[in-house]
Amino acid sequence: MAYEAPLFEKILEEGAFSIRRYPFFKTVVMNHSSWDGYSGFNDLFNYISGQNKQRQAMKMTVPVINDVQRDQLSMEFVVPAQFYDNTPEPSVNYLSLKTYENMHLGVIHFRGNPSRMLIEKHYQSLREWLQQKGYQPSSSYFVARYNAPF
């Protein structure tokens, strides 16, 4: 089964590393401080299942995103493109909508259970690669998960 994902343009690719440009996408967000990566999943799933102000169900998309900023972590589901112009409003105050526009992202692909230690190890490798290519990485980063739904 293929899942919808945000459209992007590859700017550069070398092995597991790449630089991508994402012109536009939206997410529904739940902020939390747990590093298990699953806090908020059920609340977000309920949102796309129709528990929103418009009672509009949406298909699951990929990836599930964690936006990591210091010790704060969000969990985000990508909104399907057909809802970009009319995105259903969350019906609970702990979910919010977020828009990403014209983002350039450094990417590293890796497998394994994304523990905090593994994520930070790969993040450091990505930062070093980006610096070698003349880019100045920001202090925050995303973890994009592509886990099968079973």
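Which pattern does the protein follow when it is read along the sequence? The points below take this up and then turn to the pocket, the rings and the backbone.

1. Overall fold. This is a predicted model, and read along the sequence the protein follows the pattern β-β-α-β-β-β-α-β, so that its secondary structure comes to two helices and six strands. The radius of gyration of the protein is 16 Å, close to the 15 Å that the globule rule gives for 150 residues, and it is therefore as compact as a globular protein of that length. Along its principal axes the C-alpha trace spans about 50 × 30 × 30 Å, and of the 150 residues 41% count as buried.

2. The largest pocket. A volume of about 1000 Å³ is found for the largest pocket, whose lining is made up of 37 residues, with Gly-106, Val-107, Ile-108, Phe-142 and Ala-144 lying nearest its centre. Two or more lining residues come from each of strand 2 (17–32), strand 5 (96–108), helix 2 (116–132) and strand 6 (141–145), and of the contributing elements strand 5 gives the most, with six residues. Sorted by class, the lining of this pocket has 25 nonpolar, nine polar and three charged residues.

3. In one of them, the rings of Phe-41 and Phe-45 have their centres 6.4 Å apart and their planes at 10 degrees, and because planes under 30 degrees apart count as stacked, the pair is described as stacked. Phe-41 and Phe-45 are four residues apart in helix 1 (residues 41–48), which means that about one helical turn separates them. Both residues count as partly exposed, Phe-41 at 28% relative accessibility and Phe-45 at 39%.

4. A link from helix 1 to strand 4. Phe-41 also forms an aromatic pair with Phe-77, in this case edge-to-face, at 5.2 Å centre to centre and with 70 degrees between the planes. This pair links distant parts of the chain, since Phe-41 is in helix 1 and Phe-77 is in strand 4 (residues 72–78), 36 residues apart. Phe-77 has a relative accessible area of 2% and is therefore buried, whereas Phe-41, as noted, is partly exposed.

5. Backbone details worth a look. A cis peptide bond, with omega about -5 degrees, joins Val-62 and Pro-63, and Pro-63 has its place in the loop between helix 1 and strand 3 (64–69). The loop between helix 1 and strand 3 also holds Arg-55, a residue other than glycine whose phi is positive, near 55 degrees; Arg-55 counts as exposed, at 71% relative accessibility. A positive phi, of about 45 degrees, is found as well at Asn-102, although Asn-102 is not a glycine. Asn-102 lies in strand 5 and, with 47% relative accessibility, counts as partly exposed.

Technical notes. Residues numbered from 1 in each chain as written. Predicted model: local features only at pLDDT ≥ 70, side-chain atom pairs only at ≥ 80, totals over all residues. Heavy atoms only, no water. 1 Å grid on protein atoms, 1.4 Å probe; cavity = no way out; pocket = protein on both sides within 12 Å on 5 of 7 lines; lining within 4 Å. Points joined across faces, edges and corners; volume = space filled by probe spheres on them. Nonpolar A, V, L, I, M, F, W, Y, C, P; charged D, E, K, R; others polar. Phe/Tyr/Trp six-rings, centres within 6.5 Å; stacked < 30°, edge-to-face > 60°. Buried < 20%, exposed > 50% of the residue type's maximum accessible area, 1.4 Å probe, protein only. Rg over C-alpha atoms; globule rule 2.2 N^0.38 Å.
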